[in-house]
Amino acid sequence: MALDRWIALILLSICLAYGYTAWFAMDSSLAPFMKRNPIWPSTFPKVLSILGVIACCAILFGLEKSEEQPAEIDYRRLGDYHLGQALMLLGLMVAYALCLRPVGFIVSTSAFLILGATILGERGWRYLVPIALIATLVVWYLVQQVLGIYMRPLPGFWGG
């Protein structure tokens with residue numbers, strides 16, 4: 001079996017466990033007054049688990065492959081697949097998660113978007129920096145003001 005199908009099989013098992021938890025474990029612990037709501041806390045996990053199962057099954061059954069695509073990933077030639085970029089992006093994701101609280105959402109998210117795009121090969125700084133800043137500020141505004149969830153926008157020493 002090809003590497004992409006093995007990964008899809010692993011993700012399918014994770015989606016099934018996640019879906020089982022969303023469908024059975026989360027709903028049983030709801031308060032009686034919340035059971036009358038049209039949208040429960042488990043609604044989004046249910047949708048995610050269904051979409052994940054569908055996507056994984058499509059990969060397992062080979063429905064996403066077209067005729068012009070190569071048939072499978074050759075795990076013996078991983079060096080040909082830009083492994084360095086993938087590892088740098090994974091390291092950047094870990095650094096982003098570690099810096100989110102101490103550095104603040106705006107600084108860490110903007111830096112993550114700019115550095116991630118640079119790792120992937122984007123060199124148009126004139127567009128990259130403003131778009132990353134605007135996207136970060138829009139997401140922060142929506143989460144902070146519209147949803148009412150507090151996220152520290154700036155590092156603690158700046159008064160955020």
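Analyst: Gladly! Let us begin with burial: a residue is buried under 20% relative accessible area, exposed over 50%, and partly exposed in between, using a 1.4 Å probe and protein chains only. By that rule, buried residues make up 24% of the 160 residues in the chain. This is a predicted model, where local features need pLDDT of at least 70 and side-chain atom pairs count only at pLDDT 80 or more, while totals for chains, interfaces and linings use all residues. Residues are numbered from 1 along each chain as its sequence is written, and side-chain values use heavy atoms, with hydrogens and water left out.

User: How many helices and strands does the chain have?

Analyst: The chain has five helices and zero strands. Helices are DSSP runs of H or I with at least four residues, strands are runs of E with at least two, and both are numbered from the N terminus. Read from that end, the order is α-α-α-α-α.

User: Why is leucine 30 called buried?

Analyst: Its relative accessibility is 13%, and the limit for buried is under 20%, so leucine 30 counts as buried. Leucine 30 sits in the loop between H1 and H2. Leaving out residues up to four places away in sequence, leucine 30 touches Lys35, Trp40 and Pro41; a contact here means heavy atoms within 4.5 Å.

User: What makes leucine 51 and isoleucine 131 exposed?

Analyst: Leucine 51 belongs to helix H2, and its relative accessible area of 52% makes it exposed. Isoleucine 131 belongs to helix H5 (residues 125–146); at 55% relative accessibility, isoleucine 131 counts as exposed too. The C-alpha atoms of isoleucine 131 and leucine 113 lie 9.3 Å apart, though the two are 18 residues apart along the chain.

User: Which residues form the nonpolar patch on the surface?

Analyst: The members are Tyr20, Trp23, Phe24, Val47, Ile50, Leu51 and Ile54, with about 750 Å² of accessible area together. Patch residues have over 30% relative accessible area and no salt bridge; nonpolar side chains (Val, Leu, Ile, Met, Phe, Trp, Tyr) are joined within 5 Å, and like charges within 9 Å. A salt bridge would be a side-chain nitrogen of Lys or Arg within 4 Å of a carboxyl oxygen of Asp or Glu. Helix H1 (3–28) and helix H2 (43–60) each supply at least two residues of this patch, and H2 gives the most, with four.

User: How do you know that the span of H1 agrees with its number of residues?

Analyst: The expected span is 1.5 Å times one less than the number of residues. For the 26 residues of H1 this should give 38 Å, and the end C-alpha atoms are 37 Å apart, so the two agree. H1 also has a kink of about 35 degrees centred on alanine 22; the bend at a residue is the angle between axes fitted to the seven residues ending there and the seven starting there. Alanine 22 is among the buried residues of H1, as are Leu12 and Cys15, and the buried residues of H1 pack against H2.

User: What does the same check say for H3?

Analyst: Helix H3 (residues 83–103) has 21 residues that should span 30 Å, and its end C-alpha atoms are 29 Å apart, so this agrees as well. H3 bends by about 30 degrees at alanine 97. Glycine 104 follows H3 and has a positive phi, near 100 degrees.

User: Which helices do the buried residues of H4 pack against?

Analyst: They pack against H3 and H5. Among them are Ile106, Ile114 and Ala117. After H4 comes glycine 121, whose phi is positive, near 110 degrees.

Definitions and conventions
Areas by Shrake-Rupley, 256 points an atom, 1.4 Å probe, with all protein chains shown as cover.
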